[in-house]
Amino acid sequence: AARSAGFDAMFCNLLMNDLELPARCVEFAAAADVLEHLPTECDAVTVIRRLAHAAREFLLIRHPSFEDVDYLANLGVRLNWTDWTDHTNMLKLDDFRRIFAELGLTDYVIVPHMLYTDSSHDSVVPLSTPPDTVRYDPEAHGPKPMVAFDRPVWGKFDIFVRLDPAIDDAAWQRITSVDGWEAHWEF
């Protein structure tokens, strides 16, 4: 569909060892809700490295939050996606910071989204809910603890990595703006 619309497009498996995208071949690269599905952290590092190599200006990673698993478990709840069987690579923000340091990516912004202030949202499920639950259903899952969170619990993060140091701060602010991406991308 992209090619028929006049765009240059390539379908590839970024984990194949023999594939190397051309350097700086795209304006930016995005891994949106992708890395958590990869088998290992090493695979995520491979994808991040290859995407950063291919992008001229920046890299965008959209990733679900796995930050508060223990905190929420102590309250008797969890975010539904934190035990999905296809989420085999539950990187946390500290993992990204370490990976970026290893790859020499030092200029990045982490933008949190989906603030949960309590357990009322249907993405917050009781600990007893079966794996791969998409949303809380009181009839199927029984009651859940209704608790206020005493700290921010975020659902996802957009991580913008500036690859081109010539992007001035005003342009970088526009790129990393929540309004800009939410308006154009449906995730």
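Predicted model: local features only at pLDDT ≥ 70, side-chain atom pairs only at ≥ 80, totals over all residues.
Biologist: A charge sits over a ring if NZ of Lys or CZ of Arg is within 6 Å of the ring centre and within 35 degrees of the ring normal. Going by that, which ring does the charged end of Arg-151 sit over?

Modeller: The ring of Tyr-71, with the charged end 3.9 Å from the ring centre. Lys-144 does it too: its charged end sits over Tyr-136, 4.5 Å from the centre of that ring.

Biologist: Fine. How many aromatic pairs does a search of the whole structure find?

Modeller: Six. Rings of Phe, Tyr and Trp (its six-membered ring) pair if their centres lie within 6.5 Å; planes under 30 degrees apart are stacked, over 60 edge-to-face, and the rest tilted. One of the pairs is Tyr-71 with Phe-149, edge-to-face, at 6.3 Å centre to centre and 70° between the planes.

Biologist: Are Tyr-71 and Phe-149 buried or exposed?

Modeller: Buried means under 20% relative accessible area, exposed over 50%, and partly exposed in between (1.4 Å probe, protein chains only). Tyr-71 has 14%, so Tyr-71 is buried, and Phe-149 is buried at 9%.

Biologist: What about Phe-96 and Phe-100?

Modeller: They make a tilted pair, 6.0 Å centre to centre with 40° between the planes. Phe-96 and Phe-100 are about one helical turn apart because four residues separate them in helix α3 (residues 93-103). Both are buried.

Biologist: Which residues do ring pairs link into a cluster?

Modeller: Phe-28, Phe-58, Phe-160 and Trp-172.

Biologist: OK, sheet next. What's the strand order?

Modeller: β1-β2-β6-β4, an open sheet of four strands with mixed pairing. β1 (26-32) and β4 (108-118) are the edge strands, each pairing on one side only. From one strand to the next the twist averages 20°. For pairing, DSSP has to find at least two bridges between two strands.

Biologist: How many bridges join β4 to β6?

Modeller: Nine, and those strands run antiparallel. Val-109 stands opposite Phe-160 there, and Pro-112 is opposite Phe-157. β2 and β6 are antiparallel as well, over seven bridges, with His-63 facing Phe-157 across that pairing.

Biologist: Which helix lies across β1 and β2?

Modeller: Helix α1 (residues 41-54), running at about 145° to β2 (55-64). α3 packs on the sheet too, touching β2, β4 and β6, and its direction makes about 25° with that of β6. Axes are lines fitted to C-alpha atoms, for helices over the stretch in contact, with angles from 0 to 180 degrees between N-to-C directions; contact means heavy atoms within 4.5 Å.

Biologist: Last one, the overall picture. How many helices and strands does the protein chain have?

Modeller: Six helices and six strands, running β-α-β-α-β-α-β-β-α-β-α-α from the N terminus. The C-alpha trace spans about 50 × 35 × 35 Å along its principal axes. Of the 187 residues, 42% count as buried. Among contacts between residues at least 6 apart in sequence, 78% join residues at least 24 apart.

Methods:
Residues numbered from 1 in each chain as written. Heavy atoms only, no water. Helix = DSSP H or I, 4+ residues; strand = E, 2+ residues; numbered from the N terminus.
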